[in-house]
Amino acid sequence: MLKLIKQRWLDQPLDNRFESIRFSMAIVISLIVTLVLVLLVSNEPLFALQQLFLGPLASIRKFGNVIESMIPLTFLGLSVAIMFSARQFNLGSSGALFLGGTVTAVVVLTLPLPGFVLSVVAILLGAFTGGLVTLIPAFIKLRFGASELVSSLMMNFIALNLGFFIILNYYRDPQAGSLASFEFPSSSLLVQLIPGTRIHTGLLLLFIMIVLIYLFIQKTKWGYALRMTGFNKSFATYSGISTGAVILYSQFLGGILAGMAGSVEMLGMYDRFRWQAMPTYAFDGVIVAVLAKNKPQYIPLAAFVLSYIRIGADTMSVNSDVSFQVIAIIQGLIIIMIAANAFLAKYRQRLVVQEAITND
Amino acid sequence: MPDIITMKQMYKVYPNGIVANDYVDFSVKEGEIHALVGENGAGKTTLMKILFGIEQATTGELYHNGQLVSFQNPQEAIKAGIGMVHQHFMQVGSMTVAENVVLGSEPKKYRFLLDRKKAIDDTAEIAEKYKFKIDPAMRLDECSVGTRQKIEILKALFHGAKVIILDEPTAVLTPQETEELFRELKGLKERGHTIIFISHKLNEVKEISDRVTVMRSAKQTGTYDTESISKEEISNLMVGREGLWELTKGKATPNESIITVNNLSVMDEQRRYLLDHISFSMRKGEILGVVGVEGNGQRELVDVLTGLNKASGGSIMFKGEDISKQSIHHIREMGLSHIPEDRMTMGVATEASITDNLLSIYFDKESFNNGVLLDQSSIDAWAKDRVKEYAIKTKSPNAQVRSLSGGNIQKVVVAREFSNNPDVVIADQPTRGIDVGAAQFIHNKLIELRDQGASILLVSADLSEVLDVSDSLFVMYEGKIVAYFDDVTNVSAMELGRFMLGIEAQDEEQIKRGIYA
């Protein structure tokens, strides 16, 4: 049995093996750092660690929290992954999420449609709006050569303040204590999926999108053109691939997914528009995409891991004397180690040498 | 004479897994010209990079004057009196010749400022000493390639090099410039310098070197006194098989022209002509060669023919349609294939699989699509056949292209570009930097396509390639066609060299012979 596992492992291409080792090493080192940090700052380190690692499993509600916060993270991860696959560094996902959520709120408060149809229309329009937010930097890049990185970051401010402007001026409920819109019609809200949690039908939509995006990137001619443009744009151009179209549709699709994240979040987790600022997770799509190396099939896993340590950290900071910031440090470490190509590069070189010698 | 350099059991693996040096022994005597020969990819350059401190050996020992040393970087090698002239010069175009020569150990005035006058005097003095004809005050980007190479050698001498490594120095030179270089190298030798001369041109090796070391696929296959070994013997040691030089090529039977280029021009941003109103025809069943010193309009010509760049004037008639302003996609659909000059930056996506690289001009074809999805099984079967037909050495068509050797990468490009039986092939440096086996495979494919009636434009910096493979040829100089020969068998390399340098040009009537109905 062990022998078989070893053989299958060795049959994997060297780069796959190396990536698995590097990923595991990044996690192990981060855990050691966590341990040291917690031992340093806490008077009850064992209890704190237990809260961190087992807290999310303590109750159905807690585990539900993990899944709930994983939903927008996965949408955002897909959004960033599809844009990064085409090597378009558009960071407008957060703006797309915010304006997408806003438009969804506006639609359910405005259009006189029956329940289910209303939520479908609201999500579609929210997603489309998100697409426009990221499409604008793409268009500017194509037309004027401006870096999408800069213009998409600027778009985030526009989207954020445009969203607030709309809600504040046209949909604000003066009866509500803080900034909030009127209540959504209850029939437009997404249905609860698992009792005892707030997990909603957005999860089903998410699964459909994961499959669709995977198929799109890996199995269609448009996905092929997108990947080739991402690998080497000169090569794509020389081959006659329309790289301009790729630049536009990759970023439009990315925005659609981010807009969908906002829409689903709005109708799944809220009963009125209650965002007071850009949601804290809005930029986490990049983290998820980097962890998953832009592969759609790994995005949910990466989002789950991130969501799990967040909820664990939450639990730990509430119940023990270790603060939430410790987790932010650990998160940063994991990402740096995974993103840094030189990490363990010497070890990789040894693997290469070994393989070269055995192949001789 | 004692050995000045000795390398023992050098072993080098690159991070991509390629073994570039497989326990190589190599030694050089003081004051000799030592040729290091082998096909491209045999590991010559890597061995020299280890000597010069650019690369570190995985295992192995390096002795300099009998002392065990190991250079961690080029600075240490330079300090020890070793200099290297790379294939691609490392120079600053906006500075003068003198400033480039002294770069790294500039004469100073007031401690911080460059002493320009002394730089020029120093450069003139060293050029005089070694009898190099250069003007130290000239701006570097106004110098010819030949001059820039001399500057590179002077730079090494200025830094006190006793051993000078030259990496394929003649690849960029015309025959006349090569002669001059050889005279200078012999002068250096008389003054006690040691020269290591990397090459795969055996004529040059025979002419200039005292001893020769041959490498084949990362291994050393022997060191010989140049006088005691014939070109044929060296070539057999290089290739490992005999008779690989033969190219079986019948006489061309050109038919009507398929592409007619008329007054084609390309301007740069300063409105200078890079391609200056040129006209010629490409005929079916013929390989038309294009030669010239690099940077005389060949790239611009290829770019407009293939749609990568748009012409600023003139027309390209292809099957009755002017393609000078058409998209790449459209031109390719019409039956034009393109082997690009630089395969790594344009010809392939190195991180993608072989299959994906083969597919890039076919992926939207109906036969590879099944509704909205790609038909992966028929793509895989097709790719597998291509790998087999073109003898691409790989474990699987799903392997990344970057895991292949240079010759096999070029075969991927060629397999893709030839698999749709193109009517026209633009082959830009199709065999640059690849091994003789792969090069010959590609040459035979080109000839096979020609015999099937395709029209081929062969652009190459390698004169012997053009003379061997093409049927007719023209020479480019400063964006113009300066000579046309309808039969290459009557042309010599020396003759072409004079046209390439702009010393001679045919009259208009002779050049116009290249335009056919």
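**Exercise 1.** In the open sheet of four strands of chain B, what is the strand order, and which are the edge strands?

*Solution.* The model is predicted. Step 1: the order of the four strands in this open sheet of chain B is 2-1-4-5, and the pairing is antiparallel. Step 2: strand 2 (19-29) and strand 5 (67-69) of chain B each pair on one side only, and these are the edge strands. Step 3: on average, neighbouring strands of the sheet are turned by 20 degrees against each other, direction ignored.

**Exercise 2.** How many bridges join strand 4 of chain B to strand 5 of chain B, and which residue is the bridge partner of B:Y63?

*Solution.* Step 1: strand 4 (residues 59-64) and strand 5 of chain B run antiparallel and are joined by three bridges. Step 2: B:Y63 has B:L68, in strand 5 of chain B, as its bridge partner.

**Exercise 3.** Find the strands that helix 1 of chain B lies across.

*Solution.* Helix 1 (residues 44-51) of chain B lies across strand 1 (3-13), strand 2 and strand 4 of chain B. Its direction is at about 115 degrees to strand 1 of chain B.

**Exercise 4.** Describe helix 7 of chain A: its span, its buried residues and what covers them.

*Solution.* Step 1: helix 7 (residues 148-171) of chain A has 24 residues and reaches 32 Å from first C-alpha to last, close to the 34 Å expected. Step 2: its buried residues include A:S152, A:M155, A:N156 and A:A159. Step 3: residues three or four places apart in an α-helix point the same way, because there are 3.6 residues a turn. Step 4: the cover over the buried residues of helix 7 includes helix 5 (93-110) and helix 6 (115-144) of chain A.

Notes
Residues numbered from 1 in each chain as written. Chains lettered and ligands numbered in written order. Predicted model: local features only at pLDDT ≥ 70, side-chain atom pairs only at ≥ 80, totals over all residues. Helix = DSSP H or I, 4+ residues; strand = E, 2+ residues; numbered from the N terminus. Expected span 1.5 Å × (residues − 1). Buried ≥ 20, exposed ≤ 12 C-beta atoms within 10 Å, placed from the backbone. Contact = placed C-beta atoms within 7 Å. Pairing = 2+ DSSP bridges. Axes fitted to C-alpha atoms, helices over the stretch in contact; angles between N-to-C directions.
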